[in-house]
Amino acid sequence: MKTAQIQTPIGILEITGDEFGIISVVFIDSNVSPSKEVPSELEAAVTQLTEYFKGQRDQFELKLAPQGTDFQKKVWETLQEIPFGKTSSYQKVANVLGDPKVIRAAASANGKNPISIIIPCHRVIGSDGSLTGYAGGLHRKKWLLAHENPVKQGELF
């Protein structure tokens, strides 16, 4: 398994993967310096995430290999259907999965998403529009949502 770190406007991201795909993308809160050398297996992920943070990419084209239960993987696949710049609710995710009663399980799977940003768990908010938990911290969730859908001056409601 290979790792690389990149500096982003909201902290250091650590990317882990191998020849089968990206296994995790997580924010790390430490004083580690981002890696200078990037393993070839992670070059595309580093490039695409860098482009995302520069505002030059709104979709990822990477092979993913998240580790989880079948249900978690189904939730993570559903999250990837949420368009860039849009949000969804935990209830809507449960409904898409075919059972409104799995809202808590869907929320739990969302919270265990190992591949931040690429699997956009940050796009899931409370039904009332509130910013609910985010493993990377609510300040990062708020930044990511604003990055994807900035309010423009003079925009009419």
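**Reading a predicted fold**

Mentor: Helices (H or I, at least four residues) and strands (E, at least two) are DSSP runs, numbered from the N terminus. This is a predicted model, in which local features need pLDDT of at least 70 and side-chain atom pairs count only at pLDDT 80 or more, while totals for chains, interfaces and linings use all residues. Residues are numbered from 1 along each chain as its sequence is written, and side-chain values use heavy atoms, with hydrogens and water left out.

Trainee: In what order do the three strands of the open sheet stand?

Mentor: Strands of a sheet pair through backbone hydrogen bonds, either parallel or antiparallel. Here two strands count as paired if DSSP finds at least two bridges between them. The order is β1-β2-β3, with antiparallel pairing. β1 (2–8) and β3 (21–28) are the edge strands; each has a single partner strand, so one side of each lacks a neighbour in the sheet.

Trainee: How many bridges join β1 to β2?

Mentor: Seven bridges link β1 with β2 (residues 11–18). Within β2, leucine 13 is the bridge partner of isoleucine 6.

Trainee: Is isoleucine 117 buried or exposed?

Mentor: Buried means under 20% relative accessible area, exposed over 50%, and partly exposed in between (1.4 Å probe, protein chains only). Isoleucine 117 counts as buried because its relative accessibility is 1%. Across the protein, buried residues make up 44% of the 157 residues.

Trainee: Which residue does the UniProt annotation "active site" cover?

Mentor: The annotation, from an unreviewed UniProt entry, covers Cys121. UniProt positions are given in the numbering used here, feature names are shortened, and annotations may be inferred rather than shown by experiment. In the model, cysteine 121 lies in the loop between α4 and β5, and it counts as buried at 6% relative accessibility.

Trainee: Which residues is cysteine 121 in contact with, leaving aside its neighbours within four places in sequence?

Mentor: Contact means heavy atoms within 4.5 Å. With those sequence neighbours left aside, cysteine 121 is in contact with Leu79, Asn110, Asn113 and Tyr134.
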